[in-house]
Amino acid sequence: MAEFSNLTQEQLFQMLTFVLSGDNEKIKEATRVLKVYTKSVNCVGPLALIISQNENQSFRHLAGVLLKRNMATNYDKLDATAQTQLKQLLLERFFSEPVNPIRTSIGSLIGTIAIQTLGENKWPELFQVLQNQTAKNQDIVTRQRGLMLLALIFDYSGDSLKPFYSVFYPFFIENLQDSDKQIRVQTVKCLISLFDNIEHMNKQEAQQYKTLVEPILRFVDQCIKEGDEDNAYHCFDAFGYLAESKLTILDTHLGMIVEYAATFVEPQNECVLDLIDNVVEYHKKVLNKNPTLLKQLIECLSLVVAQPYTEEELTQDEEPLQDVTLWLLETLVIGLGKKKTLFGLFLETIIKLGFLILAAITEGLQDQIRRQLQNPIMNVIIPKGLKDERTAVRGAAIKCLSYFSEWLCPEILTYDQIVIPEMINCLKSTDHKIYEKALLTIDIFAENMESEKILPYMQTLLPSLVQLFLQQTTTFIARRHCLSSIGSIIVSSKEAFATYLKDVSELLLQVLKEKDTPEIMSIKSEAIQVFGTIAESFKSNLEVQNQLITPLAPQIFELLTKHEDFEIREACLAHSFIIWLQLKAMKFAPIFTQIISYTMKLAESKEGISYDKEKKEFSLDTESEDENQQGPMRVKVTQMDEKAAAIHALGQFALSVPQQFGQYFKPTFDILDETVDFFYDNIRMQTLQCYRDLIEGYALFRHNGVLPKVQQGLPAIENLDAEFLTFLQTDVMQKLIRVIAEDESYECAALAIDVIDHLTKKLGPQIVYKNLDDLAKVITLVLNKKIKCLGADLDSEGEEENDSDMNLNVLENLTDLIPTLAKNLKNGFVLMFREIFPHLATNLHKDKEIDDIICTIGCLAQIFEYESSLIVECQQVVLPFLLNTVLAIGDQELNRNAAYALATYCEFGPQNDVASALPQIIQTLTNIFTTATTYREAAENATAAVCRILIRFPQALPLETTLDHILAQLPFKGDVEENFTGLRFLVNLGNTIPDLVTPRMEQVIKLLLDSLIQKEHYKLKEEQLNFVVTTVKGLIQNQQYKAIIENIILNVQDQGQKNKVIALLQ
């Protein structure tokens, strides 16, 4: 190959001719030769001469492309004289080249050389040429070309031009006000390239360049008035790059820019949408503080969505602009605060423009939509859409329901009689978009519905799913969703699915026999998941296990260890099969050992990571969609996800078969030590989950499969072996605390908090008590948003705001952990509370984010209940906020938590303090109840609070009328866990004032029995269930009440439920 590194002029011309010939064989030969030739420094002179002297423009263009291929490397190999000659030749030819694409190619060569020379001031002549060629005494064409070259230099070597930003500023301010429009156009184009590198500016330079915004705006105004859309777009491009920056260059003009953009958006104006997207992402404050501007923006984006699709948009590969705009609306509502204001603005637009917008805003405004779900959304808006004669409108309404099912659980589940029959009808549609959305909705409903709710639909729903799956025209996505929906139905219906088990199993086995294609492999992985769901749901049914699950063992192991498809291997590792392994581990010990060993090998694997020595900068240019370039490191995503799945599976093995997993605990902890700081987010997340499962599994292993009873309070009772406990306290806990403080992923930080919460609940204070100081410090950091994932490393003077969803995810988990610590540490929590409460209390202010206030109030309510001694320490701050500020904020979810906090305060607070505040507390609860017109949970918590008050202060309200009011509210349908509070009140009243309860005893007995019949729905804890059972058993001693109880149980329709109640009462 060495002979190709130095071609004669004749040979070079021949190769160029071959490339341009159109003959595949000649092109292949020329490509092979020129690949070697252009790596040699010998190519620079001949190719540069062709660019500067050859009359054939195709040759000039091709020479420019070839020369650029290795210019960075070859330039350094030239001697100083050759470098000077090359720079001079390229500059001269740039301004004389008549063909624009070739001129651009030459400019890119100049830009490439500039990267290596400008930073060390090795090309001062470049600036002299630019100054001369852009001077006002030059003709317009030369000036334009000078600006074009400057733009290319900024584009290629912006970082190298950092020292010259201040030098260029007067040049830009002068040219933006030039009398010639084309000069202004070229100046804006040049600024686009500069603004792409704006992060390199210091604050003084940013202040300078801020003054360029007004001249650009004046130019936009001129372009809009003249109907010159193309050049107006260039200005929006420039603003778009500015909007990506954390610098405050746009701060005083952003409202005006967005207003311009809002009036200018049309379906073809993608750059304007890009600008709006950047504003939404990087400058939330501007929109949060300007409702008028926000309304204008919502209306203009909604109008884009409402534009009918053209035939070209429906057939092109890229997403239609309407879909892109829907995504932008979704981003808008997720990112911005002021959710109540946002929802009001959108509700107007929805009524005008429709269901797609409602679908797009569901995730971001889910709390607000929940409060309007009954009226007008599900009672008025959705039924109209489903009955509309136009297919597109019905399809949009169905899409809306699919979004509701994803984001509005459990509230949307109460509308199953509207949704499920409609979705079953949609399965018959010939439009794949409609039946795919219907399947998604069915899947989510089936997964979350209770057994008795799903049963009435199964006879129609299952055959419809099977029929759609078997249709030849059904899309692969829909076939997979059919199986996923069947899996969800199995989970919900439990034993009732037995009737359909044979037919479904035959269908799944048939899928596993289908010939592998990329689409079929995806469906096969879903079929394996469904088999796993069957194994778990029928784990007590030996007939199902022996006839269906056990024979699959060899096939599953074969697929796990030998199949090439990642999804299929991942499905084989799925947690559902662990139950089967638990039952069969002894019988299939060799397979179990092989599966564990293979899984550990995957978890340890470093496959999928390679290093490219030639890559010096971050790049997303990879050889396949499955790869990611991380600097010099190339990552294969599927192998990273497989490693993550294996780590997850190890944790599941440890939980499900702890006795068989004994020898693998230590090597698995060793693996986690390597992966806890892994660069790939999913692997870090699975590592954290595996820590949780592994530690719980080890506790099961040490205690013969049963977790020891949690001993609350300090000193902590240690029931794990000393060596392991020391490892947890000094190694694992410190890792979890570090992840919270330092991990860049908010999901990892939130998960680390959840792991500590979970382990403390399961194993008690022995997990945390030696790390309380560090834990208190990191809790304080989270409350002050000083952890890395919430922006602790951002420039404090920048415009960047913390993403509210990121913060909420972390804060929700933290405000779950704090009460868990209070409950488990008891008096040992007091010192920690004194340290963190001042920081927690900063959220008790009307101007704080509403979600932060809601989480904080809920957290304090639980602390009052778990460690009542702390009420005295914080009541002077908390109680005035609950009584004087909460109602003024006007948020129903906040009212709900406030009612709960007042309830626990009244039950556990100091007797005299509570008694003196009682009139105002009762008035506040009354206001919460009366204003809860669309949010049932707030009213129910207010009623439950009254129950707690009357248990402690029976004279606080007229008992007879209040009792009737409470009975009318029970059972609670929104906050079902508060039903026990109501039952406790009724039992207490029956014991203390029986004459008041006796006339209403039949209703009381019905409520007590209903909590036993539907104990899963009522979410009764063990001690609560025992309380109800003891109460009912006591009532059975009375013959009159016994007859009522027997009659109610006799009329229970579900035989399984009936048998369970009878067993409880025997």
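Here is a chat about a predicted model of a protein chain.

Q: Hi! How many helices and strands does the protein chain have?
A: Hello! This is a predicted model, and its protein chain has 57 helices and three strands.

Q: And what share of the residues is buried?
A: Of the 1066 residues in the protein chain, 54% are buried.

Q: How much of the contact list comes from residues 24 or more positions apart?
A: Taking the contacts with a separation of 6 or more, residues 24 or more positions apart account for 71%.

Q: Let's pick a helix. Which residues of α3 are buried?
A: Helix α3 covers residues 44-53, and its buried residues are Val44, Leu47, Ala48, Ile50, Ile51 and Ser52.

Q: What covers them?
A: The cover includes α1 (9-19), α4 (57-69), α5 (71-77), α6 (80-96) and α7 (100-117).

Q: Switching to charges. How many salt bridges are there?
A: The count comes to 31 salt bridges. As background, side chains of opposite charge can pair when their charged atoms come close.

Q: Give me one with aspartate 228. What does its side chain meet?
A: Aspartate 228 and lysine 181 form a salt bridge, with 2.6 Å from N to O. This pair links distant parts of the chain: aspartate 228 is in the loop between α13 and α14, while lysine 181 is in helix α11 (residues 181-195), 47 residues apart.

Q: Is aspartate 228 buried or exposed?
A: Aspartate 228 counts as buried, because its relative accessible area is 16% and the cut-off for buried is under 20%.

Q: What else does aspartate 228 touch?
A: Not counting residues up to four places away in sequence, aspartate 228 touches Lys181, the salt-bridge partner, and Cys223.

Q: What does lysine 524 pair with?
A: Lysine 524 meets aspartate 516 in a salt bridge, again with 2.6 Å from N to O. Lysine 524 is buried at 8% relative accessibility, whereas aspartate 516 is partly exposed at 36%.

Q: And aspartate 964, which residue does its side chain meet?
A: Aspartate 964 meets arginine 1000, with 2.7 Å from N to O in the salt bridge. Aspartate 964 sits in helix α50 (residues 959-969) and arginine 1000 in the loop between α52 (994-997) and α53 (1001-1013), so the pair ties together parts that are 36 residues apart in sequence.

Q: How accessible are those two?
A: Aspartate 964 is partly exposed, with a relative accessible area of 37%, and arginine 1000 is buried at 14%.

Q: Which residues are linked in a network of salt bridges?
A: Lys136, Arg143, Glu174 and Asp178 are linked that way.

Q: Where does negative charge gather on the surface?
A: There is a negative patch made of Asp155, Asp196, Glu199, Glu244, Asp274 and Glu281. One of these, glutamate 244, is in the loop between α14 (229-243) and α15 (254-264). Glutamate 244 is partly exposed, at 38% relative accessible area.

Q: New topic: arginine 569. Where is it, and is it buried or exposed?
A: Arginine 569 lies in helix α34 (residues 566-572) and is buried, with 11% relative accessibility.

Q: What is arginine 569 in contact with?
A: Leaving aside neighbours within four places in sequence, arginine 569 contacts Leu559, Leu560, His563, Glu564, Tyr598 and Glu642. Its C-alpha is also 8.8 Å from that of isoleucine 556, which is 13 residues apart from it in sequence.

Q: What is phi of asparagine 704?
A: Phi of asparagine 704 is near 55°, a positive value in a residue other than glycine. Asparagine 704 is in the loop between α39 (681-702) and α40 (722-742) and is exposed at 67% relative accessibility.

Q: And lysine 826, what is its phi?
A: Lysine 826 has a positive phi of about 55° without being a glycine. Lysine 826 sits in the loop between α43 (804-825) and α44 (830-840) and is partly exposed at 29%.

Terms used
Residues numbered from 1 in each chain as written. Predicted model: local features only at pLDDT ≥ 70, side-chain atom pairs only at ≥ 80, totals over all residues. Heavy atoms only, no water. Patch = residues over 30% accessible without salt bridge, like charges linked within 9 Å, V, L, I, M, F, W, Y side chains within 5 Å. Areas by Shrake-Rupley, 256 points an atom, 1.4 Å probe, with all protein chains shown as cover. Lys, Arg positive; Asp, Glu negative; His and termini not counted. Charge placed at Lys NZ, Arg CZ, Asp CG, Glu CD. Helix = DSSP H or I, 4+ residues; strand = E, 2+ residues; numbered from the N terminus. Buried < 20%, exposed > 50% of the residue type's maximum accessible area, 1.4 Å probe, protein only. Contact = heavy atoms within 4.5 Å.
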